[in-house]
Amino acid sequence: MIVSPSLLSADFSRLGEEVAALEAAGADWIHFDVMDGHFVPPITIGPMVIKQCRRYARIPFDVHLMIEAPERTLGDYADAGATTLSVHVESTRHIHRTLELIRTAGMRPGVCLNPGSPLDLVAPVLPLADLLVVMGVNPGWGGQPFIDSTPERVRAARQLADRLHPTLDIEVDGGVNLETGRKVSTAGATVLVAGHFTFSHPNGAKAAIAQLHGL
Ligand code: DX5
Ligand code: ZN
């Protein structure tokens with residue numbers, strides 16, 4: 001299991017140190033949540049902050065855009081050192097072109113699906129992506145309860161991917177803890193994002209990441 005802790009639950013006044021600490025704690029990737037106040041109500045960080053964080057760790061940066069019209073600023077994330085750049089299928093009229101542009105800019109393209117969106121929406125573009133992000137919550141906030149239908153959606157996504165793109169990674173983002181992580185792992189997820197679970201674990205981030213690795 002690839003573990004990608006989300007910085008959304010980190011101390012934003014000292015993000016560089018948080019990034020370094022997650023790498024030292026055994027994170028495989030680091031998940032950055034970019035929110036613009038339009039696609040989702042909150043505003044978090046953008047490419048300038050990601051670029052500053054790049055100096056603090058060598059592991060892949062897994063950047064999740066929750067912004068309208070992501071195709072306008074893709075190049076900024078490549079400059080910032082993003083490894084994977086995931087965009088919501090609901091956020092652009094041109095998901096096919098956007099995924100191609102991400103690849104051309106030198107990043108690994110990811111496509112994200114909200115809990116209310118049918119899986120069919122991403123089927124035509126799955127072969128263009130390296131990563132499918134199945135949201136376990138509605139995007140916008142950390143620490144929300146996991147939506148129970150998610151493992152079923154992951155199972156269906158895995159079946160679709162096995163047909164169209166067998167090496168596709170399936171990432172689950174939102175509401176992941178040991179119990180829900182086990183369910184989506186059984187259903188075929190290959191990457192787990194965990195914010196609240198990682199940062200609120202009584203024994204620290206290292207213990208949280210090790211437990212998720214074991215799933
Ligand atoms: C939600 C974000 C998630 C979030 C996950 O909009 O995309 O990455 O941080 O948070 P937890 O793991 O706390 O549910
Ligand atoms: Zn996210």
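In the predicted model described here, a polar side-chain atom of His 64 lies 3.1 Å from an oxygen atom of ligand 1, a polar contact being a pair of N or O atoms within 3.5 Å. The backbone takes part as well: a polar backbone atom of Gly 140 is 2.7 Å from an oxygen atom of ligand 1, and a backbone N or O atom of Gly 143 lies 2.8 Å from an oxygen atom of the ligand. The protein covers 99% of the 390 Å² of accessible area that ligand 1 has on its own (Shrake-Rupley method, 1.4 Å probe).

Turning to the overall fold, the protein has 8 helices and 8 strands, assigned as DSSP runs (helices H or I, at least four residues; strands E, at least two) and numbered from the N terminus. Its radius of gyration is 16 Å, close to the 17 Å of the globule rule for 215 residues, so the protein is as compact as a globular protein of that length; the radius is taken over C-alpha atoms, and the rule is 2.2 Å times the number of residues to the power 0.38.

Residues are numbered from 1 along each chain as its sequence is written, while chains are lettered from A and ligands numbered from 1 in the order in which they are written. Local features need pLDDT of at least 70, side-chain atom pairs count only at pLDDT 80 or more, totals for chains, interfaces and linings use all residues, and side-chain values use heavy atoms, with hydrogens and water left out.

Notes
A polar contact is a pair of N or O atoms within 3.5 Å; within protein, one must be able to donate a hydrogen and the other to accept it, and residues adjacent in sequence count only if both atoms are side-chain atoms.
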